[in-house]
Amino acid sequence: MRLIRNVTACSLLIGGSLLASPLQDQNKEIARRAFEEILSHGRFELAEQLYAKDFINHGIHSTANLEEDQAALKGWHQAFPDVVIVPEKLIAEGDLVTIYWVARGTNTGTGNGLPATGKKAELAGITIWRIVDSKIKEEWSAFDQLSMMQQLGLLPANK
């Protein structure tokens with residue numbers, strides 16, 4: 001009987017650790033909301049609610065603060081006014097949320113150095129956010145810029 005009780009207790013501990021915590025669920029909801037309201041719908045006024053004042057976007061060669069990050073996002077919205085960015089997969093662990101996302105839009109405007117080509121583009125990316133006290137504090141992102149430039153006809157396509 002003691003063996004069964006110990007095995008059951010261990011199973012509950014192991015099983016419980018595999019379930020998402022309320023904090024992880026909350027962090028995933030913050031990520032979903034940021035993607036839906038800010039990234040897709042351009043409601044930049046909500047950045048104060050969802051991002052920490054000392055937010056840092058860690059790029060490969062440089063970092064950006066919240067103001068610089070939002071300016072770049074506004075540039076993407078200028079270049080692709082109909083952009084929709086869908087979070088396809090969200091994975092949370094501790095204070096990190098990883099989002100695999102797909103963006104679709106038509107390049108009818110200029111922004112972030114892109115000319116208006118009138119062409120549609122679809123690209124995928126991955127973003128990792130560190131969320132502290134219900135605010136996005138840090139970001140690491142990568143997306144397929146080469147494919148986007150090829151789809152827009154700004155670089156030759158691979159043959």
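**Partly exposed loop residues and a nonpolar core**

Asn112 of this predicted model is found in the loop that runs between β4 and β5.

Student: Why is Asn112 called partly exposed?

Tutor: Its relative accessible area is 38%. Buried requires under 20% and exposed over 50%, so Asn112, at 38%, is partly exposed.

Student: What is the phi of Asn112?

Tutor: Phi of Asn112 is near 50°, a positive value, and the residue is not a glycine.

Student: Where is Ser134, and what is its phi?

Tutor: Ser134 sits in the loop between β5 and β6 (135-143). Its phi is positive, at about 65°, although Ser134 is not a glycine.

Student: Why does Ser134 count as partly exposed?

Tutor: The relative accessibility of Ser134 is 33%.

Student: What makes a set of residues a nonpolar core, and how many residues has the largest one here?

Tutor: Such a set consists of buried nonpolar residues joined through side-chain atoms within 4.5 Å. The largest has 32 residues, and Ile38, Tyr51, Phe80, Ile99, Trp129 and Ile136 have the most contacts inside it. Elements that each supply at least two of its residues include α2 (22-40), α4 (66-79) and β5 (120-132). The most comes from α2, with 6 residues.

Student: Which residues are in contact with Ile38, leaving aside its neighbours within four places in sequence?

Tutor: Among them are Phe44, Leu46, Leu50, Tyr51 and Leu73, and also Arg43, Gln70 and His77. Contact here means heavy atoms within 4.5 Å.

Notes:
Residues numbered from 1 in each chain as written. Predicted model: local features only at pLDDT ≥ 70, side-chain atom pairs only at ≥ 80, totals over all residues. Heavy atoms only, no water. Buried < 20%, exposed > 50% of the residue type's maximum accessible area, 1.4 Å probe, protein only. Helix = DSSP H or I, 4+ residues; strand = E, 2+ residues; numbered from the N terminus.
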